[in-house]
Amino acid sequence: MNIDLTNTTTRRIQDALTQARHLMGGPAVGMVLTLIIVTDESAQYDAVRAATEAAREHPCRVLTVISRDSRGNSSRLDAEIRLGETGPGETVLLRMYGPLALHADSVVVPLLMPDTPVVTWWPGGRVPETPSKDPLGKLAQRRVTDAYAAPDRLGTLARLAQVYRPGDTDFTWTRLTTWRSLLAAALDQEHAEITAGEVTAEPDSPSAELLAAWLSLRLGVPFSRSASDGPGITGVRLVTADGDITVTRPDGRVATLSRPDQPDRQVSLMRRPLPELLAEELRRLDPDEVYHEAAARFAKDLAAVAAQAEVPPGAKAAETSGATPELPEDPVSGLDGGTEAP
């Protein structure tokens, strides 16, 4: 069922939702959360489709906020309500014009499901400066971004790490779930001590940077990054005295796990579609501290690399004159020459 409301109000939208549920024979709401999608017209189709598929696992009310021209003098709210087409949830597209587009939270609040969690998602490159301080981010227990779609992927991920608040997460981390599971399972078996590692991926891959940071934190050894043609992450190498433990995935579908003195194993490692990523994030609403640790480590390493690139002119003179300048932090491990406990 589709209902179009032009130049409407939140009260009329609520009444239309209630009436539609009764007409469809389902007076009970039965939703477990509210998903707020902040997007534009160009990205709303893919975002709504992903939310609709995720709603099959998590019945929810999807409020899609689409800000149109905010420069006009008059405010207007158009709504498109979709019920019962492809899933058990409710989808409301809210198109806001004029000054109303600058106050989307005032429209969204009356439409939130009572006594249920709220998740706010910014698909594509629409990443707020500080998700937890964004008007629509303040309403949510969970805030989901995607640094991979931003123009400056690594800079955006580093900024999100600096402004992290409990409840923040990013799809660049969600994409690593299968990689982390495979690597953890591989290291459950007996192996020699790991002394170093390398992650290979397409250039400027925030997921690869997070994976290298997570492995370095957990294993207490430095991890380097190397570039490939992709797609995504194409390999991880763990250096041991007995030989390398490697996971290679050149096609984005099937990975090969190689261990010293053991036959190679083929493992399914598909690149996950957007609906699957969203469904995973909707499964947990508690803070993801592991993501925070990995993102903070990446931001720290990135800052160390930037600091090394801007060595003051007097540093080299001090070195040649016999003075001992303060050593910069290791740009890869961030460990000042030591190691962290796994």
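## The loop between β10 and β11

P231 is placed in the loop between β10 (223-227) and β11 (233-240); helices (H or I, at least four residues) and strands (E, at least two) are DSSP runs, numbered from the N terminus. A cis peptide bond, with omega at about 5°, joins P231 to G230. Another loop, between α3 (104-108) and β6, holds D115. D115 is not a glycine, yet has a positive phi of about 60°.

This is a predicted model, in which local features need pLDDT of at least 70 and side-chain atom pairs count only at pLDDT 80 or more, while totals for chains, interfaces and linings use all residues. Residues are numbered from 1 along each chain as its sequence is written, and side-chain values use heavy atoms, with hydrogens and water left out.

## The six-stranded sheet

Six strands form an open sheet with mixed pairing, in the order β10-β9-β11-β12-β13-β14; two strands pair if DSSP finds at least two bridges between them. β10 and β14 (265-268) stand at the edges with a single partner strand each, so one side of each is left without a neighbour in the sheet. On average, neighbouring strands of this sheet are turned by 15° against each other, direction ignored. Axes are lines fitted to C-alpha atoms, for helices over the stretch in contact, and angles run from 0 to 180 degrees between N-to-C directions.

Strands β12 (residues 245-248) and β13 (residues 254-258) run antiparallel and are joined by three bridges. Within this pair, T256 in β13 stands opposite T248. Helix α6 (residues 177-187) lies across β9 (194-201), β11, β12, β13 and β14, and runs at about 25° to β11. Helix α7 also packs on the sheet, touching β9, β10 and β11, and its direction makes about 160° with that of β10; contact means heavy atoms within 4.5 Å.

## The crossing of α7 and α9

The axes of α7 (residues 206-219) and α9 (residues 289-309) cross at roughly 100° and come within 8 Å. The two helices are therefore roughly perpendicular to each other; angles under 35 degrees count as roughly parallel, over 145 as roughly antiparallel, 65 to 115 as roughly perpendicular and the rest as oblique.

On the α7 side, the contact includes L210, A213, W214 and L217, and on the α9 side it includes V290, Y291, A294 and F298. The residues of this contact divide into nine nonpolar, one polar and four charged. Here Ala, Val, Leu, Ile, Met, Phe, Trp, Tyr, Cys and Pro count as nonpolar, Asp, Glu, Lys and Arg as charged, and the others, Gly among them, as polar.

## The eight-stranded sheet

Another open sheet has eight strands in the order β1-β4-β5-β3-β2-β6-β7-β8, again with mixed pairing. β1 (2-5) and β8 (168-170) stand at its edges, each with a single partner strand, so one side of each is left without a neighbour in the sheet.

Strands β6 (residues 118-121) and β7 (residues 142-145) run parallel, joined by three bridges. V144 in β7 is the bridge partner of W121. Helix α2 (residues 41-54) packs on this sheet, touching β2 (33-39), β3 (60-67), β4 (76-83), β5 (90-97) and β6, and its direction makes about 160° with that of β5.
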